[in-house]
Amino acid sequence: MRAIPTSPERASVSVSQLFSYPFRIFFLSMTVLALAVIPLWVMQVNGVISLPLAMPGLFWHQHEMLFGFLSAAIAGFLLTAVCVWTQTERTHGFRLVLLWGVWLAGRVLLATGADLPFWLVQGVNLAFLPLVVVDAGWRIWHARQKRQLMIMVILGLLWLMQIGFVTRLDMAFSYGALVMAMALISIVGGRITPAFSTGWLRQRGLDSNAVKTIPALDMATVFSLILLMVSLVTGWQTVTGLLALLSGGLMLVRLAGWKGWLVRQEPLLWILHLSILWVPVALFLLAGTLFAGWPSNAWSHAAGTGAVACLILGVIARVALGHSGRPLVLPKGMVFAFVAIHLAALVRVLTAFEIIPWHPGIGGSALLWLVAFGIFLYRYTAILASPRPDGREG
């Protein structure tokens, strides 16, 4: 695959350009966080270092993956997309600096705030998602785009899971947050994946009508995931298992209708289909946890590393190219990055089942994760920090 013309060595980069559009600063920041948190967590859990964390180590790790990494990806994607949806002025400049500053302060306070007041650390962390929702929500409301309101609902429920998690340090809320992340994938991934696949097939004179979507099925999947989240948090084990099977089955039917195998030649498309496939895998593993006693960290890593991280990498790779005015041609090495992140998820799930021994499994998964996001950082920093080649805003 040929590389895009812009290279890290030749690009005209600037810090100010990072704050010209939300996707730029947040995609770069979440990548740096992804590369920092995993090694810090591995060293912390192995006793190599002892960070002055504001919460116990395991909960810090879960929080940063769910509400640090994921929230930055949400902000970068949503605040960029909503401007296109509603034809409104983007958040940029000083306002974007302030919003990003809230996100960054949350990361620093959680990593170093062992001796700081609880209300300060968690107050800053809990402020970020509502600010994102308010920014996007008023645009959607004034544009009367009811289609986008379900995204706001899911983000509100995700925030409620964060409140429960940081105030109670109860993993039921982190599990509920994972389910809401999968609900967000169901909505956003359910729009862009079949739409992009249809467009790609049409451009090549292939049968674009082969890709099928059923709106009622899409909504049923989202509502089943909301019910699953409620059941998880309230502890209804049998109901939760049945809902996990239902949600996973609905998602599989949707994926079959999108005909992902028809776009297997395009990495920017197969990465989306393959990443979303982790959603039903995670849900079936959750059912196995409840009904057969399978390890709970199998489904949670299938959801977190598989569905969430893999799809994020695929989406940001495409969005960063499109919104920076560059052709949708992957930079050199990014296909390997896509393979690496999926292997990281697979190795982590197999380690949970003890098919791979603990230390090699954790180390191998972490290394693959670092390779994937390291390649993105190297190949996309110049793209994110330099102006559009056509001179337009973006």
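1. Helices (H or I, at least four residues) and strands (E, at least two) are DSSP runs, numbered from the N terminus. Just after helix 11, Gly325 has a positive phi of about 75 degrees.

2. A note on the basis: this is a predicted model, where local features need pLDDT of at least 70, side-chain atom pairs count only at pLDDT 80 or more, and totals for chains, interfaces and linings use all residues. Residues are numbered from 1 along each chain as its sequence is written, and side-chain values use heavy atoms, with hydrogens and water left out.

3. Helix 11 spans residues 296-323. From first C-alpha to last, its 28 residues reach 38 Å, close to the expected 40 Å. The expected span is 1.5 Å times one less than the number of residues. Helix 11 is mostly covered, with 23 of its 28 residues buried. Buried means under 20% relative accessible area, exposed over 50%, partly exposed in between (1.4 Å probe, protein chains only).

4. Now the helix pair. The axes of helix 10 (residues 267-292) and helix 12 (residues 334-352) come within 11 Å and cross at roughly 10 degrees. Helix 10 is therefore roughly parallel to helix 12 (angles under 35 degrees count as roughly parallel). The contact residues divide into twelve nonpolar, two polar and no charged.

5. On cysteines: a disulfide is a pair of cysteine sulfur atoms within 2.5 Å. The count by this rule is zero. Cys83 counts as buried because its relative accessibility is 6%. Cys310 is buried too, at 0%.

How values were computed: Axes are lines fitted to C-alpha atoms, for helices over the stretch in contact, and angles run from 0 to 180 degrees between N-to-C directions. Angles under 35 degrees count as roughly parallel, over 145 as roughly antiparallel, 65 to 115 as roughly perpendicular and the rest as oblique. Ala, Val, Leu, Ile, Met, Phe, Trp, Tyr, Cys and Pro count as nonpolar, Asp, Glu, Lys and Arg as charged, and the others, Gly among them, as polar.
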